[in-house]
Amino acid sequence: MVFTALPAEGYRGGVPEFPLPDPLDREIEVWEEAWATPQAAAWSVQPWRWRTVAMWVRWSVRMEAEDASAALGNVVVRFADQIGLTPAGLKENGWKIAEDDLAAKRQDKDDEPAEDAEDVRSRFKVVTNGAGG
C-alpha cells in the first residue's frame with residue numbers, strides 16, 4: 001500500500017470557519033488545535049471532510065464533561081478513526097506522518113554525552129617541532 005506522507009510539523013495553512021451552527025468557545029479552541037495537526041494537511045484539500053472533523057470536535061468537547069458516557073467515548077473514537085487522528089485511522093486513510101529527519105538528528109546529538117578533553121586529545125598524534133615522530 002502506498003501512503004501519503006503528512007508533515008510531522010503539522011499543518012501551517014489557514015483554519016477554515018467552523019461549519020456547524022452555534023459553536024462553543026471550547027469547540028473553536030479544539031477546532032483550531034485540530035487544524036495544527038499533520039492530518040489537517042490532508043483535510044485542507046478535502047473540504048468534504050470538514051464537517052466530519054467538526055463533528056469530532058463537537059463530540060470531543062462533550063466528552064470532556066464529568067458525566068460523559070462510554071457510548072459517547074465510542075462515538076468520539078469512531079470519528080477520530082474516520083478523520084485519521086488514531087493510528088488505525090491513519091492507516092485506513094492511507095496516511096503516514098513523515099519522519100522529521102533533522103529533528104531526529106538534533107535529538108540524537110543532544111542525547112550524546114559530551115566528550116572530555118582527554119578523550120579528544122587521545123585521537124591526535126603529537127608531532128614535535130622538526131622531529132617527525
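In the predicted model, helix α1 passes α3 in a right-handed crossing, a crossing being right-handed if the near helix is turned clockwise from the far one by less than a right angle and left-handed if anticlockwise. Helix α1 (residues 25-34) and α3 pack at an angle of about 125 degrees, with their axes 9 Å apart, which makes α1 oblique to α3; angles under 35 degrees count as roughly parallel, over 145 as roughly antiparallel, 65 to 115 as roughly perpendicular and the rest as oblique. Axes are lines fitted to C-alpha atoms, for helices over the stretch in contact, with angles from 0 to 180 degrees between N-to-C directions, and helices are DSSP runs (H or I, at least four residues) numbered from the N terminus. The contact (heavy atoms within 4.5 Å) involves R26, E27, V30, W31 and A34 of α1, together with α3 residues including W50, V53 and W56.

Helix α3 (residues 50-63) also packs with helix α4 (residues 70-82), at an angle of about 150 degrees and with the axes 9 Å apart, so that α3 is roughly antiparallel to α4. The crossing of α3 and α4 is left-handed, and among the contributing residues are M55, W56 and W59 of α3 and V75, V76 and F79 of α4.

The mean pLDDT (the predictor's confidence in each residue, from 0 to 100) of the protein chain is 86, with 75% of its residues reaching 70 or more. Over residues 123-129 the pLDDT is below 50, and this stretch has one contact in the model beyond near neighbours in sequence.

Residues are numbered from 1 along each chain as its sequence is written, and side-chain values use heavy atoms, with hydrogens and water left out. As this is a predicted model, local features need pLDDT of at least 70 and side-chain atom pairs count only at pLDDT 80 or more, whereas totals for chains, interfaces and linings use all residues.

Definitions and conventions:
Helix = DSSP H or I, 4+ residues; strand = E, 2+ residues; numbered from the N terminus.
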